[in-house]
Amino acid sequence: MAKDDVAPKMKRKEYEKELRKLQVQLCHLQEWVKASKLRVIILFEGRDAAGKGGTIKALTEKVSPRVFRVCALPAPSDRQKSQLFMQRYIEQFPAGGEIVIFDRSWYNRAGVEYVMGFCSPEEHERFLELCPQVERFAVESGIILIKLWLEVGMQEQEIRFNARIEDPLRQWKLSPMDTESFGRWYDYSRARDMMLEATDTKHAPWRLIRSDDKRRARLNVISHILKTIPYKKIARDKVRLPKRSNKGHYDDQASLRRMTFVEERY
């Protein structure tokens, strides 16, 4: 295949087979993170409909939410607006044995806030100047920081937006802010370019993933995370169920017969 050729979209059966292999490794990683008290931050950024939510779901669906904690902060309150900009994000940083996944992060200031005019040009410039310093502080304190940008193409984004409009199961994903962003493609592109230039550092580099093929993108993201965080498989003793005691035996279903169960429609 030539360098510029686009690979055909991955079939579901192949995707599910490879995803299971990676999810097994994520479970091993989880045990290592707990045992070693590692602190990890994984942040996902990208345009609307780039596939962040689906990728995070694939990453977290087979692991413990006590270890893999997803953080998707709402718009700041009036009180939070008066705080240091990074303050509400730093409050969510991991303790030992945690992986915090930011579904959008402090980079909102470099993206939607800047493009939509929610911050001033001076605040945007100040953020791009200070952000690498804050990230250096986090990394030097021992946090593993993984920054991922999902890059979706213009045509694919339009296909996904139209699918959200037509599908009642996806319409909740489409906010007025999303539709407004659709018309500002190149404004977001310029904001992305400024962000990457200012914050792609040696201590906290960006890694880009093409996400027109959602399945390939999810596998590539998980594979990268597993490669980036050093871990070892921890041997676990095989669990053996104890025998159930018959002490105090009684008909424990009899007491339920007077209760009301949900109608069995299926």
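In this predicted model, arginine 160 is buried, with a relative accessible area of 5%. The value falls under the 20% cut-off for burial. Arginine 160 belongs to helix H7, which spans residues 154-166. Its side chain reaches two backbone oxygens. One is that of alanine 49, at 2.8 Å. The other is that of serine 211, at 2.6 Å. With neighbours within four places in sequence left aside, the contacts of arginine 160 include Ala49, Ala50 and Gly51. Val152 is also in contact with arginine 160, as are Ser211, Asp212, Asp213 and Lys214.

The strands form an open sheet. Five strands are arranged in the order S2-S3-S1-S4-S5, with parallel pairing. Strand S2 (68-71) and strand S5 (206-210) are the edges, and each pairs on one side only. From one strand to the next, the twist averages 20°.

The pairings can be followed across the sheet. S2 and S3 run parallel and are joined by 4 bridges. Here valine 70 has isoleucine 101 of S3 as its bridge partner. S3 pairs in the parallel sense with S1 over 6 bridges. Glutamate 98 in S3 is the bridge partner of arginine 39. S4 and S5 run parallel, with 5 bridges between them. Leucine 148 is partnered there by arginine 207 of S5. Strand S3 is largely enclosed by the rest of the structure, because 5 of its 6 residues are buried. Helix H2 lies across S1, S2, S3 and S4. Its direction is at about 150° to S1.

Nonpolar side chains tend to be buried together in soluble globular proteins. The largest nonpolar core in this model has 31 residues. Leu29, Ile42, Phe44, Phe68 and Ile225 have the most contacts inside it. At least two residues of this core come from each of helix H1 (12-36), strand S1 (39-46), helix H2 (52-60), strand S3 (98-103), strand S4 (144-151) and helix H10 (214-228).

Beyond its neighbours within four places in sequence, phenylalanine 44 is in contact with Lys52, Thr55, Ile56 and Leu59, among others. Ile101, Phe102, Asp103 and Arg104 are also in contact with phenylalanine 44. Further contacts of phenylalanine 44 are Leu148, Leu150 and Val221.

Methods. Residues numbered from 1 in each chain as written. Predicted model: local features only at pLDDT ≥ 70, side-chain atom pairs only at ≥ 80, totals over all residues. Heavy atoms only, no water. Core = buried A, V, L, I, M, F, W, Y, C linked by side-chain atoms within 4.5 Å. Buried < 20%, exposed > 50% of the residue type's maximum accessible area, 1.4 Å probe, protein only. Contact = heavy atoms within 4.5 Å. Polar contact = N/O pair within 3.5 Å; in protein donor to acceptor, adjacent residues only side chain to side chain. Pairing = 2+ DSSP bridges. Axes fitted to C-alpha atoms, helices over the stretch in contact; angles between N-to-C directions.
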